[in-house]
Amino acid sequence: MDFSERLEYLFFPWDVSCVSCRAEQTEPCGLCRRCLGELTPLSGARCEICLDPVAAPGLCSSCLRKAPAYERVYASYVFTGLMRRLIHEFKFHNKRYLRRVFARMALDTLPPALLSACAYLIPVPVSRTRKRKRGFNQAALLTKELSRLTGIPVREDALSRKDGNTQTALLDKSERRKDIRGLYTAADTLHGETVLLIDDVCTTGETLRACSDTLKQAGAGKIYCYTIARTDLKY
Ligand SMILES: [Zn+2]
Ligand SMILES: [Zn+2]
């Protein structure tokens, strides 16, 4: 634990009040029962690989057409309401302590058998420019906290990201896919290990697909993905 983390433990009343509403009595993740009840769990029929909502149990049309390089995605909640606000505060208001809330959620969501099979945790990288602007990579913060809880080592060097088109959010799905391909590069350091790729939010799923393709080419074995939340919009 470094100095700033020690200060955080000292001054942040972690076990005393809810990180959202400051109510006393919190659940292990750091939210009170009422706030936890406000979060929307993933419900209904979902694709067994990517978690997209589907009409009938099985795979979605895009995974049927071309299965991703990863085995499957896990996510804790829908990206809406309080969850959206917490992630926004984590990323843009420098509330780094929220990584502990999210790491607990990851632990509650991920099957123990998967964690024990996993050799490395790999955060989805951000570009150097964005990291400089924000001061940190939110996925890496979450990944390091999950590593602290599980003992699984982090490989932050496994993937890196070039600066891309900053207007990516405005592109439609096929343009976005083209735009995102080629942004990620992997260090040639994996030799068939099972890895868990970690990001804060999954929107279109293109980032996870692109990162997994790159990791696979760089020698990863089975790839699983975790995001704290995912959008339920259809693109
Ligand atoms: Zn609360
Ligand atoms: Zn799917």
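Let me start with one pair: Ile122 stands opposite Leu197 in S5. Strands here are DSSP runs of E with at least two residues, helices are runs of H or I with at least four, and both are numbered from the N terminus.

Before going on, the conventions. This is a predicted model, in which local features need pLDDT of at least 70 and side-chain atom pairs count only at pLDDT 80 or more, while totals for chains, interfaces and linings use all residues. Residues are numbered from 1 along each chain as its sequence is written, and chains are lettered from A and ligands numbered from 1 in the order in which they are written.

Back to S2. Four bridges join S2 to S5, and the two run parallel; strands count as paired if DSSP finds at least two bridges between them. Both faces of S2 are covered, with Tyr120 and Ile122 buried on one side and Leu121 and Pro123 buried on the other. Buried means 20 or more other C-beta atoms within 10 Å of the residue's own, exposed means 12 or fewer, and partly exposed is in between, with C-beta atoms placed from the backbone.

Now the whole sheet. Four strands form an open sheet in the order S1-S6-S5-S2, with parallel pairing. Strands S1 (72-78) and S2 (120-123) stand at the edges with a single partner strand each, so one side of each has no neighbour in the sheet. Neighbouring strands are turned by 20° against each other on average, direction ignored. Strand S5 (residues 195-202) is joined to strand S6 (residues 223-230) by seven bridges, again parallel.

What lies across S1, S5 and S6? Helix H10 (residues 206-217) does, running at about 160° to S5. Axes are lines fitted to C-alpha atoms, for helices over the stretch in contact, and angles run from 0 to 180 degrees between N-to-C directions. Contact means C-beta atoms, placed from the backbone, within 7 Å.

For the chain overall, there are ten helices and six strands. Buried residues make up 35% of the 235 residues. Among contacts between residues at least 6 apart in sequence, 70% join residues at least 24 apart.

Last, two loop residues. Arg22, between helix H1 (3-11) and helix H2 (33-38), has a positive phi of about 70° although it is not a glycine. Arg22 counts as exposed because it has 11 C-beta neighbours inside 10 Å. Asn94, in the loop between helix H4 (81-92) and helix H5 (98-109), has a positive phi of about 60° and is not a glycine either. With 12 other C-beta atoms within 10 Å, Asn94 is exposed.

How values were computed. Two residues are in contact if their C-beta atoms, placed from the backbone, lie within 7 Å.
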